[in-house]
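Me: Please take a close look at one loop and its backbone torsion. Then carry the account on to whatever else in the model deserves attention.

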Amino acid sequence: MEKITNETLFELKTIAQPAVGQNQVFYLETAVNQETNTYDSAIYSIDPKTNERREWGIEATTHNNLKVSPDEQRLSFVTTDPKKGESTLWTMPVSGGKPQALVTEKGLGDYFWKQDATAVYYKLAQEEPVSENQDDTEKTDKQKEFPEVKATTKVNYLADGVGFLKEKKHSIVKKTIATQETELIFEHDSPFVFSGIADDQKTLFLTFDKEEEDEWDYGSKVCLLDSQTKKTESLENILPEGTYTFAAARNDQLLLLGNDLSYGFVTLDDLFLIDLKTKAVKNLSKELDVAFGNAIISDFQQKNRGVAITWLTDDTFLVPVTEHGKLQLYRATTQGEWTKLLDEKMDILDAAIYSEAKLAVAYATPTIPSRLALIDLTSGKVTDLYDPNQAVMSQLAISKPEAFWYEGADDWQIQGWYLPPTETKENHPAILYIHGGPQVCYGETFFHEMQVHAANGYGVILLNPRGGQGYGQTFVKSILGDYGNKDYQDLLLGMDAVVANHPEIDTNTIHVAGGSYGGFMTNWIVGHTDRFCAAVTQRSISNWISFYGTSDIGPAFVKFQLLRELDQTEGLWKMSPLAYASQVKTPTLVLHGENDLRCPQEQGQQFYMALQRQGVDTKLMLFPQSSHGLSRNGLPNLRIERLQAISEWLASHENQSVN
């Protein structure tokens with residue numbers, strides 16, 4: 001068997017966005033192209049009865065937002081031209097035929113088919129056109145390329161992966177298929193989410209900021225837009241006070257996810273049913289203590305949209321729930337009855353209704369990178385349709401994670417996984433690898449990087465300390481205002497539990513690594529203990545005070561997560577790893593993306609410079625054209641360089657004894 005390597009990333013493929021039409025399952029298959037340094041996605045279909053596969057789409061390097069029209073006659077998808085900055089919405093007959101470019105626009109957002117399949121509604125976000133004036137016309141072409149000043153009066157003026165947010169006009173446009181006519185349906189000065197179309201074929205669902213004039217007021221609201229009268233109606237007056245987002249609609253029944261913000265944005269949602277005729281509201285999940293949706297993290301998947309809450313019949317619907325590192329499926333009824341349909345050790349990444357009794361899914365497990373399958377919603381049976389990685393994976397030695405529970409701080413039950421080295425070896429090194437978030441979780445999914453470390457001879461320790469999702473409201477809120485305390489204890493106790501059960505681990509050669517919240521915690525750990533022989537901190541936070549003013553989520557995050565404001569600098573400084581840099585002795589590699597606006601570059605630079613001043617063995621590596629998601633969807637060559645840098649740093653510090 002061969003070892004999985006950094007470069008295996010170029011051999012493996014991911015499946016996403018299943019869509020069903022005429023008993024076929026359409027899907028995207030994405031490969032990482034080493035030569036062009038891109039992620040290339042093609043459209044395929046498979047017939048579950050014959051297993052016949054067919055390629056669709058156009059000659060493009062990427063396809064996205066794959067859908068099938070409600071009458072199952074057309075396939076629709078979007079391609080993007082990065083040079084022009086334009087996106088094109090295409091349609092093509094499922095029976096065969098050439099694709100037709102329906103819309104080509106800059107700022108093209110999500111789109112939805114009208115229920116009778118005669119038209120498509122799509123969202124645009126475009127800059128206001130600049131009027132021609134004498135000064136502009138006199139500029140040469142070269143002068144027109146000169147840099148422009150950026151100015152704003154907004155609180156929310158940055159977005160990771162996007163940059164400085166220019167003011168735009170946001171609109172919804174209707175395109176009629178037969179006549180190719182376009183009609184402006186709605187226009188707004190502030191951003192909103194276009195969430196769907198009602199079965200009445202004229203009501204659109206939009207989600208706005210709760211208080212559009214007050215950017216400091218966190219939350220969102222759902223509104224109904226009548227596409228004929230062009231008027232909007234907010235649902236705020238019939239709902240309990242709180243924040244709400246669209247979930248699903250059928251006939252005159254609307255499902256919303258919402259909560260009262262008791263614990264800020266870590267408040268677990270309830271699922272509300274609204275009768276659009278009577279405006280009656282029912283909380284269907286008030287007795288549950290679960291996290292709806294998928295909170296499981298991975299570094300491998302591309303273009304997955306997640307499993308949506310989806311109507312099955314007029315009075316039942318499918319609901320995804322993250323619990324104990326698994327994506328579980330429930331059937332719920334309009335009467336508030338809940339039945340668990342699937343409880344398997346797997347991560348369901350994307351789904352579409354195949355029939356009333358079956359679901360087409362893209363899924364992964366710790367040893368399966370990506371597969372297309374059908375799930376029987378009655379029996380729970382999983383029937384694989386296609387595995388794009390079967391040949392490659394059959395030749396690779398893969399570490400099989402061992403799930404376990406242990407007692408964390410306050411004797412709380414904490415879940416974790418241990419990936420042993422793929423080749424058994426006494427006195428082997430290990431890595432405590434801390435996840436980001438913190439309101440996410442490790443789970444039953446494939447992690448390319450962790451498999452590489454296991455192939456390189458490391459045991460990899462993955463823990464879900466308090467603050468993460470999938471273990472109830474008390475668990476997820478317990479970290480608020482208390483970063484670096486009980487969560488820190490959970491992590492060290494978890495490491496102790498793994499070492500106790502695996503005496504083959506060399507306790508003098510345990511490393512610590514993490515990104516985002518995991519980077520914060522890595523910084524915190526090396527400032528509070530010398531138990532680790534080396535550390536790798538990535539896209540980290542070191543100083544909550546400067547984070548407040550430079551991150552795209554800084555003010556809201558500090559307010560709701562740390563329970564402090566900017567004028568409470570003493571408390572923010574005490575929770576900042578930078579305050580304890582004088583205590584650091586652990587050799588520490590600092591990695592950061594230059595375009596990271598979630599945990600800005602200066603956070604890593606501050607920690608690096610503080611370690612330099614202390615004479616700590618340290619190194620700073622900055623990755624150009626890289627936002628916060630470098631390890632998951634960054635430029636492929638930089639993802640490889642990042643993995644190589646981590647491996648080299650760990651290997652070069654294996655023989656250094658812990659103080």
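Reply: Leu 261 lies in the loop between strand E21 (253–259) and strand E22 (262–265). Strands (E, at least two residues) and helices (H or I, at least four) are DSSP runs, numbered from the N terminus. Phi of Leu 261 is near 60°, a positive value in a residue other than glycine. Most residues other than glycine have a negative phi, and most peptide bonds are trans.

The model is predicted: local features need pLDDT of at least 70, side-chain atom pairs count only at pLDDT 80 or more, and totals for chains, interfaces and linings use all residues. Residues are numbered from 1 along each chain as its sequence is written, and side-chain values use heavy atoms, with hydrogens and water left out.

Glu 72 also has a positive phi, near 60°. Its loop runs between strand E6 (64–68) and strand E7 (74–81). Glu 72 is partly exposed, at 32% relative accessible area. Buried means under 20%, exposed over 50%, and partly exposed in between (1.4 Å probe, protein chains only).

Now a peptide bond. The one from Gly 437 to Pro 438 is cis, with omega near 5°. Pro 438 sits in the loop between strand E37 (428–434) and helix H4 (448–455).

UniProt, in an unreviewed entry, places "domain: Peptidase S9 prolyl oligopeptidase catalytic" at residues 445–653. Its positions are given in the numbering used here, feature names are shortened, and annotations may be inferred rather than shown by experiment. That span is 45% helix and 16% strand, and its end C-alpha atoms lie 29 Å apart.

Helix H11 covers residues 601–614. It has 14 residues and reaches 21 Å from first C-alpha to last, close to the 20 Å expected. The expected span is 1.5 Å times one less than the number of residues. Its buried residues are Gln 601, Gln 603, Gly 604, Phe 607, Tyr 608, Ala 610 and Leu 611. These pack against helices H7 (517–526) and H8 (544–550), and against strands E41 (588–593) and E42 (618–623). Contact means heavy atoms within 4.5 Å. Gly 615 follows H11, with a positive phi near 80°.

Cys 441 is in none, and the nearest cysteine sulfur, that of Cys 599, is 19 Å away. Cys 441 is buried, with a relative accessible area of 0%. Cys 223 counts as buried too, at 5%.

Note on methods. A disulfide is a pair of cysteine sulfur atoms within 2.5 Å.
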